[in-house]
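Student: I have a new model open and would like to learn how to read it. Could we go through it together?

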4 protein chains.
Amino acid sequence: MTKIPVGILGATGMVGQNYIALLKNHPWFDVRFVAASPRSAGKKYAEAVAGRWQLVNPFPPHAGEIIVEDANDVSRAIAAQRKGECAFVFSALEMGKDETRALEEAYAAAGIPVISNASAHRWTADVPVLIGEINPDHTDIIPEQQKVRRWNKGFIVVKPNCSIQSYMIPLHALAQAGYPVKQLIVTTMQAISGAGYPGVPSLDIIDNIVPYIGGEEEKTEMEPLKIFGTITDGIIQNAELPVISACCNRVPVIDGHTACVSLEFGEKKPAIEAIKKIWAKFKGLPQEQKFPMAPKQPIIYREEENRPQPRKDRDLDKAMSVVIGRLRPCNVFDIRFTALSHNTVRGAAGGGILNAELLKHKGYL
Amino acid sequence: MTKIPVGILGATGMVGQNYIALLKNHPWFDVRFVAASPRSAGKKYAEAVAGRWQLVNPFPPHAGEIIVEDANDVSRAIAAQRKGECAFVFSALEMGKDETRALEEAYAAAGIPVISNASAHRWTADVPVLIGEINPDHTDIIPEQQKVRRWNKGFIVVKPNCSIQSYMIPLHALAQAGYPVKQLIVTTMQAISGAGYPGVPSLDIIDNIVPYIGGEEEKTEMEPLKIFGTITDGIIQNAELPVISACCNRVPVIDGHTACVSLEFGEKKPAIEAIKKIWAKFKGLPQEQKFPMAPKQPIIYREEENRPQPRKDRDLDKAMSVVIGRLRPCNVFDIRFTALSHNTVRGAAGGGILNAELLKHKGYL
Amino acid sequence: MTKIPVGILGATGMVGQNYIALLKNHPWFDVRFVAASPRSAGKKYAEAVAGRWQLVNPFPPHAGEIIVEDANDVSRAIAAQRKGECAFVFSALEMGKDETRALEEAYAAAGIPVISNASAHRWTADVPVLIGEINPDHTDIIPEQQKVRRWNKGFIVVKPNCSIQSYMIPLHALAQAGYPVKQLIVTTMQAISGAGYPGVPSLDIIDNIVPYIGGEEEKTEMEPLKIFGTITDGIIQNAELPVISACCNRVPVIDGHTACVSLEFGEKKPAIEAIKKIWAKFKGLPQEQKFPMAPKQPIIYREEENRPQPRKDRDLDKAMSVVIGRLRPCNVFDIRFTALSHNTVRGAAGGGILNAELLKHKGYL
Amino acid sequence: MTKIPVGILGATGMVGQNYIALLKNHPWFDVRFVAASPRSAGKKYAEAVAGRWQLVNPFPPHAGEIIVEDANDVSRAIAAQRKGECAFVFSALEMGKDETRALEEAYAAAGIPVISNASAHRWTADVPVLIGEINPDHTDIIPEQQKVRRWNKGFIVVKPNCSIQSYMIPLHALAQAGYPVKQLIVTTMQAISGAGYPGVPSLDIIDNIVPYIGGEEEKTEMEPLKIFGTITDGIIQNAELPVISACCNRVPVIDGHTACVSLEFGEKKPAIEAIKKIWAKFKGLPQEQKFPMAPKQPIIYREEENRPQPRKDRDLDKAMSVVIGRLRPCNVFDIRFTALSHNTVRGAAGGGILNAELLKHKGYL
């Protein structure tokens with residue numbers, strides 16, 4: 001199979017670097033186009049990230065040779081598309097919200113599908129927030145989006161915030177089995193890589209916790225409602241439940257967001273062992289279709305009383321699985337548990353790639 | 001004023017070391033008797049803790065000269081009492097629960113009051129769990145305790161677990177102002193010093209979180225009910241509320257336990273600003289009586305959106321204040337906030353000393 | 001090719017776990033026999049390490065099923081050897097020096113070759129301390145060892161301490177190119193995993209450095225002389241140079257020992273650029289013979305001024321390469337540089353496996 | 001005694017904050033004037049540092065009320081001097097080298113003595129680099145400096161880099177006792193607070209070491225020669241010895257620079273025990289004159305084999321003592337030892353205050 005040529009917007013930033021690294025040997029996609037800020041434009045990718053490459057694995061040699069384009073100049077991507085070097089783009093733009101929104105729309109208007117990691121379009125009513133295991137059918141809004149906006153081949157899809165990845169799939173699995181959640185209280189302990197680079201100053205986080213992350217609690221409370229929503233009249237109508245209260249903390253962990261969740265079901269309340277079984281056998285479309293980036297088992301439950309732990313569990317199954325432990329009754333609500341997911345893989349670039357695989361499967365790419 | 005001579009059981013362990021350090025210049029109490037395991041007995045205190053002293057401040061020179069006694073041998077304390085060198089003891093014993101319980105009772109039976117940091121007697125119905133700002137009148141059970149057990153001068157009081165200190169005083173201040181709490185969900189992020197020394201292996205906690213601390217959640221959920229309880233028929237009857245659900249995590253922080261609390265009041269629900277005022281003006285008996293170890297302000301509220309932080313706030317007011325921030329409405333319950341207290345000072349030795357000051361004030365010492 | 005069945009002594013400890021993990025898909029060797037302390041004996045390996053498995057990657061399922069034997073009982077290994085399940089053993093014993101020495105000799109006497117990670121036999125004159133890239137011919141002493149000790153098929157080889165791995169191969173490459181080193185001063189900054197589990201208490205190492213590791217400086221100063229030595233009269237005669245002065249520190253790093261080296265050559269002093277070329281083209285026998293565990297490039301030089309860094313460079317080339325940077329003239333000696341190697345892979349289990357590959361190649365296994 | 005009113009340039013930065021905190025209850029000096037960047041000018045100090053205050057101890061309330069002036073506008077300090085609110089300034093400027101040099105000269109030219117923490121003037125031949133215990137007589141160059149530059153009351157003195165503080169006093173004590181050092185090799189492990197705020201990104205230093213600090217090794221190698229120099233012909237002539245080779249690393253420690261030193265004496269070589277005695281009894285002018293900021297014992301030697309440790313020893317004696325341990329013979333040179341000093345106190349603001357005390361004592365303030 002000939003690989004689909006893809007582009008990365010914001011390729012020199014931390015999420016962009018993760019895209020480069022994770023797409024290294026991807027069976028369907030091949031990075032051929034990279035764009036970043038004007039400062040990097042014109043340099044080879046290797047030069048542009050020299051001294052700024054954050055990942056343990058080095059970037060693939062061929063990626064280092066690609067000349068970085070100016071991400072603000074959509075004509076460069078159009079030219080690349082014509083040359084067969086950019087069928088769609090992953091957006092890891094790190095500019096302001098309004099600029100990001102406008103720029104992603106400009107790419108889509110130019111006929112280039114945008115699979116975005118940025119938060120700019122998460123609340124645009126006709127842009128789906130996709131998690132492949134949960135709402136793959138929200139891609140159905142794409143034709144509507146294209147029609148209303150008079151876009152030809154281009155469109156925009158986004159992925160949700162990294163803080164909710166660890167418990168959204170488990171909640172969905174329970175809802176699907178007949179046990180929707182009514183309300184939940186969650187406290188997150190989030191890794192420093194979530195703040196990008198340079199991000200969190202070391203003086204703020206060694207021997208310390210920062211009990212606040214700007215905008216994070218709002219995202220954590222609202223985005224699940226859109227993901228659990230339904231398409232009506234050409235837009236995504238939010239679900240009404242669950243009501244979520246989130247408290248987000250930054251902790252001295254490199255990668256991996258941990259969440260302590262207490263929740264109350266609606267009328268039907270499953271037993272603890274039933275929940276474990278539901279999670280153990282849950283498979284989503286990515287698993288059924290064996291997408292390359294999909295974890296074999298989206299929810300891994302660990303029976304040890306002191307797991308999951310970020311350093312020891314974050315990398316399970318390509319760092320794409322959610323790892324859960326400590327499921328037990330809650331004194332106040334019905335149950336509580338601790339959940340973990342890798343914020344820069346499942347919660348960022350890996351999740352974006354899984355969305356691209358979904359769109360390819362659905363015929364949109 | 002002549003200082004009261006005091007003894008420390010378990011003086012070489014981490015809590016014992018804190019007692020030694022915090023009593024250094026105490027205006028009322030003077031450490032004259034130290035006891036520990038048979039391994040240390042017979043050595044000078046300085047030798048017994050050589051290479052094991054964990055605190056930044058060195059121990060006072062005169063303490064280093066005291067000969068360590070065997071804590072299992074109550075006759076040593078009786079002899080010291082006769083010589084006017086041990087009016088009462090702080091217990092920082094680190095043995096098994098049953099042994100601790102029996103040994104503390106033996107000291108009390110021998111006429112030596114025991115002010116304990118250990119958890120052994122927290123669920124003994126006639127032993128009060130004291131927090132000076134909350135339930136100073138629970139000392140009223142001491143005469144009952146002595147009568148039933150036929151103890152003469154001796155008695156036992158304990159302090160609660162370190163994980164609940166940060167939000168118990170704020171809850172009490174609200175209840176006292178007419179706003180009792182019905183239920184709460186709390187996630188704690190607890191410092192490694194809470195596990196003693198050697199305690200948590202570094203391989204378990206650098207770049208990591210351990211989402212479990214043995215026995216901690218049960219203590220966190222149950223002890224508040226006894227502290228909020230009432231004395232009836234010679235025992236302490238637990239309060240029925242609040243219902244508490246706790247999730248306790250170990251994090252890479254040296255000192256200072258942080259708690260994220262979401263709670264629901266009963267019928268009456270105070271406004272956010274009213275709560276801040278209640279906390280700002282709250283004073284307990286230790287403040288009114290100006291006990292030496294009492295913080296001037298037991299509850300410090302920080303308006304900055306990213307506080308409290310353990311490294312930056314744990315040492316406020318002799319590390320005896322509770323520091324709170326991020327008070328805001330909760331989507332699920334009524335309010336939520338983040339609270340911090342220093343686990344080895346307010347949560348251990350400092351809390352024990354405050355209890356001794358209370359007992360001295362009440363005439364029990 | 002049928003794989004050679006191998007055993008692991010001390011299989012449940014941290015080094016033993018690394019052997020299990022690293023041999024997972026080894027093309028030549030297959031773990032069939034595991035032994036540990038009597039406490040673990042009789043359990044399945046999975047049970048024996050439950051809650052103690054330290055590695056990020058889980059152990060291979062088939063390893064979890066093997067029944068752990070008592071490592072003190074050599075007859076178990078003999079029986080396994082007869083059944084074709086244990087051609088030789090890797091020793092990761094964690095007992096006292098004398099017991100280790102005696103037990104390894106008992107295995108060798110019973111006809112079972114011992115490839116040891118322990119330090120017990122490093123100063124036994126007829127036991128070679130092997131680094132495949134430096135002194136592969138020290139295996140020539142094995143027939144002498146067997147003859148003198150009247151061992152039939154059994155023998156003992158060891159690997160050196162983890163603290164010297166990062167600069168020994170670079171020094172050897174220079175000596176081989178005609179530039180032997182006369183003296184060197186080295187300061188190491190060593191990872192906590194080097195102390196095993198539970199190892200370094202977190203209270204000793206968060207926001208801290210421990211400027212001492214028991215016995216480490218002596219090993220660092222003496223072992224290189226044996227590795228650079230020559231076989232004469234049936235024993236290994238130490239080299240006289242280089243004279244080494246070492247200062248070993250424990251730092252808050254999970255894996256990867258870093259060394260700052262200043263050194264003086266003998267008469268001949270190479271230029272900085274010449275040294276880089278020597279290192280870049282250096283290959284040892286493991287590279288020439290393409291041993292499975294051998295890194296393609298044993299010495300990787302990084303030109304960035306702020307490398308090597310343990311977290312970012314320790315895993316290069318299966319964590320078996322030495323990574324060097326900051327080569328520059330020294331004001332006092334000739335040159336100085338910073339070197340890094342992964343202490344639990346190249347410095348422990350990975351180094352042991354490379355030694356086994358060497359012995360297989362030489363026909364001793 | 002009426003306190004001398006002092007000003008602080010760069011008062012909102014990290015070193016400036018330390019000056020504010022350390023001068024809180026100073027018996028001689030009273031902070032009355034604070035200046036910073038134009039961004040802060042016009043605000044109360046409390047507002048200017050809101051959310052940026054890095055220290056555990058809060059700033060003194062009266063300091064919070066002072067209106068911040070623009071440090072670039074010397075006329076503000078002149079006005080303050082006339083009003084009796086600024087007799088001299090501590091410079092903690094954080095601008096470029098050339099700007100700092102020029103601005104400090106402008107203050108001195110305007111009649112305001114400058115006691116600087118900045119590196120800008122460390123290589124100006126008529127500006128002394130002062131360590132009170134070592135070269136208090138280098139203040140003798142001040143009249144020359146004033147004469148040549150036609151300054152009236154103003155002058156400039158500086159303090160050295162924080163990386164050399166831990167071993168310079170010990171070296172000086174030995175030289176004074178007749179044992180000058182010929183050459184030394186030092187590896188430093190430096191705290192993150194040395195890089196200011198935001199300074200080192202947490203992604204660079206958790207579970208990691210950065211083996212490079214820009215410009216630090218040159219300062220570490222050269223500044224001691226000026227401090228050990230002599231005044232000749234109106235300038236400070238550098239000493240020729242010791243020759244120093246430094247390797248400077250950033251490590252995950254909050255405060256406290258640790259140095260591993262190997263050194264060779266000249267002809268005369270003291271015994272290990274003699275060195276300990278020399279260090280134990282060493283006193284400098286600050287000790288003889290009992291300056292308020294002077295540590296009682298400038299060199300503290302710890303006999304424990306695993307000390308000094310930054311977290312446990314950095315705060316000894318107001319964080320102004322140098323703490324040494326592990327003195328032992330060196331295989332290559334004569335001796336080696338490990339030394340520690342607190343980089344933001346002795347190595348920055350505390351050292352600057354000690355210099356001001358020296359200048360007051362000498363009659364220059």
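Tutor: Gladly! A definition to begin with: two strands pair if DSSP finds at least two bridges between them. Keep in mind that this model is predicted.

Student: Which strands are the edge strands of the open sheet in chain C?

Tutor: The six strands of this sheet are paired in parallel, in the order β3-β2-β1-β4-β5-β6. An edge strand pairs on one side only.

Student: At about what angle does helix α1 of chain C run to β1(C)?

Tutor: Helix α1 spans residues 14-22 of chain C. This helix lies across β1 (4-9), β2 (29-36) and β4 (88-91) of chain C. Its angle to β1(C) is about 160 degrees.

Student: Which three residues of chain A supply 46% of the area that chain A buries against chain C?

Tutor: Nine residues of chain A are in contact with nine of chain C. The area buried between these chains is about 1100 Å², with 53% from carbon and sulfur atoms. On the chain A side, the trio supplying more than any other three residues is Val56(A), Arg311(A) and Lys312(A).

Student: How many salt bridges are there between chain A and chain C?

Tutor: By class, the side of chain A that touches chain C has four nonpolar, one polar and four charged residues. Even with those charged residues, the count of salt bridges between chain A and chain C is zero.

Terms used:
Residues numbered from 1 in each chain as written. Chains lettered and ligands numbered in written order. Predicted model: local features only at pLDDT ≥ 70, side-chain atom pairs only at ≥ 80, totals over all residues. Heavy atoms only, no water. Contact = heavy atoms within 4.5 Å. Buried area = accessible area lost by both parts, 1.4 Å probe. Salt bridge = Lys/Arg side-chain N within 4 Å of Asp/Glu carboxyl O. Nonpolar A, V, L, I, M, F, W, Y, C, P; charged D, E, K, R; others polar. Helix = DSSP H or I, 4+ residues; strand = E, 2+ residues; numbered from the N terminus. Axes fitted to C-alpha atoms, helices over the stretch in contact; angles between N-to-C directions.
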